[in-house]
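Here are my notes on the model, as numbered points. Please read them with the structure open.

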Amino acid sequence: METTRKEDVFTIGEMARDFGITLRALRFYEDRGLLHPRREGSSRFYSEADRKQLTLLLLCKRVGMSIIDIGEMLALDHQARNAAGGHKHQLTIRDRFSRQLTMLIERRDEVEKAIDELSGHIAGLDSDLAVRGT
């Protein structure tokens, strides 16, 4: 993601390559109102601000947030950067990320318990099979 240009304007192909996503994904995010590249005919041109939005969008996606949640996070981030009282919006973003982190930790704990349970069950089956000579 180190593309630097005189005007800091990026094409859809550059964005897809730089972020390791498909053109279709970028169009999907635009269709959902999550990205707003400048349009000239059928061409899309992305700014540094669009890159920052996409970075946040992809983080939210990776941590399991819904499209609706992602839209809300992007709106909060925009307000935090551009409005008076941005500190309040940053606290809201932090709170939402903290809740998501808590949920992911709980999910991880549940997965680890399931793995332990399945491992024990498989070990028991392996033992039974060994006794039967299979």
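1. Leaving aside neighbours within four places in sequence, which residues is aspartate 77 in contact with? They are Leu56 and Ile93. Keep in mind throughout that this is a predicted model.

2. Aspartate 77 lies in helix 4. Is this residue buried or exposed? Its relative accessibility is 13%, so aspartate 77 counts as buried, the cut-off being under 20%. Its side chain also has a polar partner: a contact of 2.8 Å joins aspartate 77 to the side chain of arginine 81.

3. Now the nonpolar core. The largest one has 23 residues. Ile21, Leu26, Tyr29, Leu54 and Leu57 have the most contacts inside it. Helix 3 gives the most, with five residues.

4. What does leucine 54 touch, not counting residues up to four places away in sequence? The list is Met15, Phe19, Ile21, Leu26, Tyr29 and Leu35. Leu54 is itself among the residues with the most contacts inside the core, and so are Ile21, Leu26 and Tyr29 from that list.

5. The partner is phenylalanine 28. The ring centres are 5.8 Å apart and the planes stand at 65°, so the pair is edge-to-face; the cut-off for that label is over 60 degrees. Tyrosine 29 counts as buried at 5% relative accessibility, whereas phenylalanine 28 is partly exposed at 31%.

6. Three strands form an open sheet in the order 1-3-2, with antiparallel pairing. Why is one side of strand 1 (10-11) and of strand 2 (38-40) left without a neighbour in the sheet? Both strands stand at the edges and each has a single partner strand, so one side of each has no neighbour there.

7. Strand 2 and strand 3 (residues 43-46) run antiparallel and are joined by three bridges. For a landmark in this pairing, find arginine 38: it stands opposite phenylalanine 45 in strand 3.

8. Last, a charge over a ring. Where does the charged end of arginine 51 sit? It sits over the ring of phenylalanine 10, at 4.3 Å from the ring centre.

How values were computed: Residues numbered from 1 in each chain as written. Predicted model: local features only at pLDDT ≥ 70, side-chain atom pairs only at ≥ 80, totals over all residues. Heavy atoms only, no water. Core = buried A, V, L, I, M, F, W, Y, C linked by side-chain atoms within 4.5 Å. Buried < 20%, exposed > 50% of the residue type's maximum accessible area, 1.4 Å probe, protein only. Helix = DSSP H or I, 4+ residues; strand = E, 2+ residues; numbered from the N terminus. Contact = heavy atoms within 4.5 Å. Pairing = 2+ DSSP bridges. Polar contact = N/O pair within 3.5 Å; in protein donor to acceptor, adjacent residues only side chain to side chain. Phe/Tyr/Trp six-rings, centres within 6.5 Å; stacked < 30°, edge-to-face > 60°. Lys NZ or Arg CZ within 6 Å of the ring centre and 35° of its normal.
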